[in-house]
Amino acid sequence: MASSRLEIECPMCHGMIIIDRDTGKILEHQAVQKKKQSLEEFLVKEKTRTEDLDKKFAEARGREKNRLSEIEKKFQAAKNNPNLKDPPPSIQWD
């Protein structure tokens with residue numbers, strides 16, 4: 001005779017959920033035992049995270065400088081030619 005218990009993996013925490021096949025009720029939820037992180041591991045992880053964030057910030061700052069120079073070029077082109085209806089093909093307006 002088959003067991004009346006059904007064991008499935010929890011999609012949220014990857015623990016084990018035990019369900020009664022007959023009633024469909026959850027009988028038990030066994031959470032996954034997570035390994036506790038040591039202080040040294042945490043500090044190394046935070047240091048690399050900080051370095052990654054600094055690098056991303058510097059890249060974003062560089063993109064913003066390039067964007068401002070492109071806008072200035074577009075402005076000067078429009079200022080020099082006030083009758084310009086359509087932009088020339090070499091300039092891509094935002």
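Is Glu46 buried, partly exposed or exposed? Glu46 counts as partly exposed, at 26% relative accessibility. Keep in mind that this is a predicted model.

Let's stay with Glu46. Its side chain meets that of Arg49 in a salt bridge, 3.4 Å from N to O. Arg49 is partly exposed too, with a relative accessible area of 47%. Both residues sit in helix 1, which covers residues 39–80. They are three residues apart, so about one helical turn separates them.

Further along, look at Arg67 and Glu64. They form a salt bridge, with the closest N and O atoms 3.2 Å apart. Again we are in helix 1, three residues apart, about one turn of the helix. Arg67 counts as partly exposed at 43%. Glu64 counts as partly exposed at 36%.

The structure holds four salt bridges. Another one of them pairs Arg5 with Glu28, at 3.8 Å between the closest N and O atoms. Arg5 lies in strand 1 and Glu28 in strand 3, so this pair ties together parts 23 residues apart in sequence. Arg5 is partly exposed, at 39%. Glu28 is partly exposed as well, at 34%.

Now, a charged residue without a salt bridge. Asp20 is in strand 2, residues 16–20. Asp20 is buried. Which side chain of opposite charge is nearest to Asp20? That is Arg21, 7.5 Å away. A salt bridge needs the nitrogen and oxygen within 4 Å. What does the Asp20 side chain make instead? A polar contact with the side chain of Thr23, at 3.2 Å. Leaving aside neighbours within four places in sequence, Asp20 is in contact with Ser4, Lys25 and Leu27.

Key
Residues are numbered from 1 along each chain as its sequence is written. This is a predicted model: local features need pLDDT of at least 70, side-chain atom pairs count only at pLDDT 80 or more; totals for chains, interfaces and linings use all residues. Side-chain values use heavy atoms; hydrogens and water are left out. Helices (H or I, at least four residues) and strands (E, at least two) are DSSP runs, numbered from the N terminus. Buried means under 20% relative accessible area, exposed over 50%, partly exposed in between (1.4 Å probe, protein chains only). Lys and Arg count as positive and Asp and Glu as negative; His and the chain ends are not counted. A polar contact is a pair of N or O atoms within 3.5 Å; within protein, one must be able to donate a hydrogen and the other to accept it, and residues adjacent in sequence count only if both atoms are side-chain atoms. Contact means heavy atoms within 4.5 Å.
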